[in-house]
Amino acid sequence: MAKGDKKPAEKKPAAEEKKSSVAEKAPAAEKKPRAEKKLPKEAAASAADKKKKRVKKPVESYKTYIFKVLKQVHPDIGISGKAMGIMNSFINDIFEKLAQEASRLVRYNKKYTMTSREIQTAVRLVLPGELAKHAVSEGTKAVTKFTSTT
């Protein structure tokens, strides 16, 4: 049995190939794709809800406040999106450092409440020199204004 003998026996005529391919494709179209079968119940439910308008989860940032302060200091200057992102990260980092230091002070003093006194001390410890003095005076002013209104 030579190679030439096997090829004609295995190969089907072109007309037959078209019929068999159509017959094979029809049942496959009825079956669900495998990706849909593997989705968890929540993902399948969310896929059905995509037709509805999705409500974005609000992302907390300091961008609006940074912009307001910038306009108070320099009304004619703008800020790029990249610079705004850097400023937002900077404020988050400083906040984290101050909160960490204040919580450490609360634990050292064996208390359960973080007050403005711990925040003020944390500011003095974390921020350098003149910046700490200005931050303390601004913070004191803000707390005084808040307590007078309530």
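Trainee: How many helices and how many strands does the secondary structure of the chain come to?

Mentor: This is a predicted model, in which local features need pLDDT of at least 70 and side-chain atom pairs count only at pLDDT 80 or more, whereas totals for chains, interfaces and linings use all residues. Residues are numbered from 1 along each chain as its sequence is written, and side-chain values use heavy atoms, with hydrogens and water left out. Helices (H or I, at least four residues) and strands (E, at least two) are DSSP runs, numbered from the N terminus. The elements run α-α-α-α-α-α-α-α, and the totals are 8 helices and 0 strands.

Trainee: What share of the 150 residues in the chain do buried residues make up?

Mentor: Buried means under 20% relative accessible area, exposed means over 50%, and partly exposed lies in between (1.4 Å probe, protein chains only). Among the 150 residues of the chain, the buried share is 10%.

Trainee: What volume does the largest pocket have?

Mentor: On a 1 Å grid over the protein atoms alone, a cavity is a set of points where a 1.4 Å probe fits but cannot get out, while a pocket is an open set with protein on both sides within 12 Å along at least five of seven lines; lining residues have an atom within 4 Å of a point. Grid points are joined across faces, edges and corners, and a volume is the space filled by probe spheres set on the points. For the largest pocket, this volume is about 1100 Å³.

Trainee: Which element gives the largest share of the lining of the largest pocket?

Mentor: The lining has 27 residues, and L98, V123, L127, A135 and G139 lie nearest the centre of the pocket. Two or more lining residues come from each of α5 (63-73), α6 (81-108), α7 (116-126) and α8 (129-149). The largest share, 8 residues, belongs to α8.

Trainee: How many residues of the lining of the largest pocket are nonpolar?

Mentor: Ala, Val, Leu, Ile, Met, Phe, Trp, Tyr, Cys and Pro count as nonpolar, Asp, Glu, Lys and Arg as charged, and the others, Gly among them, as polar. The lining includes 4 polar and 2 charged residues, and its nonpolar residues number 21.

Trainee: R104 forms a salt bridge with which residue?

Mentor: A salt bridge is a side-chain nitrogen of Lys or Arg within 4 Å of a carboxyl oxygen of Asp or Glu. The closest N and O atoms are 2.7 Å apart, and the partner of R104 is E101.

Trainee: Is K141 buried or exposed?

Mentor: K141 meets E138 in a salt bridge with an N to O distance of 3.6 Å. Both residues lie in helix α8, 3 residues apart, about one turn of the helix. E138 is partly exposed at 47% relative accessible area. K141, at 54% relative accessibility, counts as exposed.

Trainee: Where is the place of K110?

Mentor: K110 has a positive phi of about 55° although it is not a glycine. At 74% relative accessibility, K110 counts as exposed. Its place is in the loop between α6 and α7.

Trainee: How far apart in space are N92 and S61, C-alpha to C-alpha?

Mentor: N92 lies in helix α6 and is partly exposed at 35% relative accessibility. N92 and S61 are 31 residues apart in sequence, and their C-alpha to C-alpha distance is 8.6 Å.
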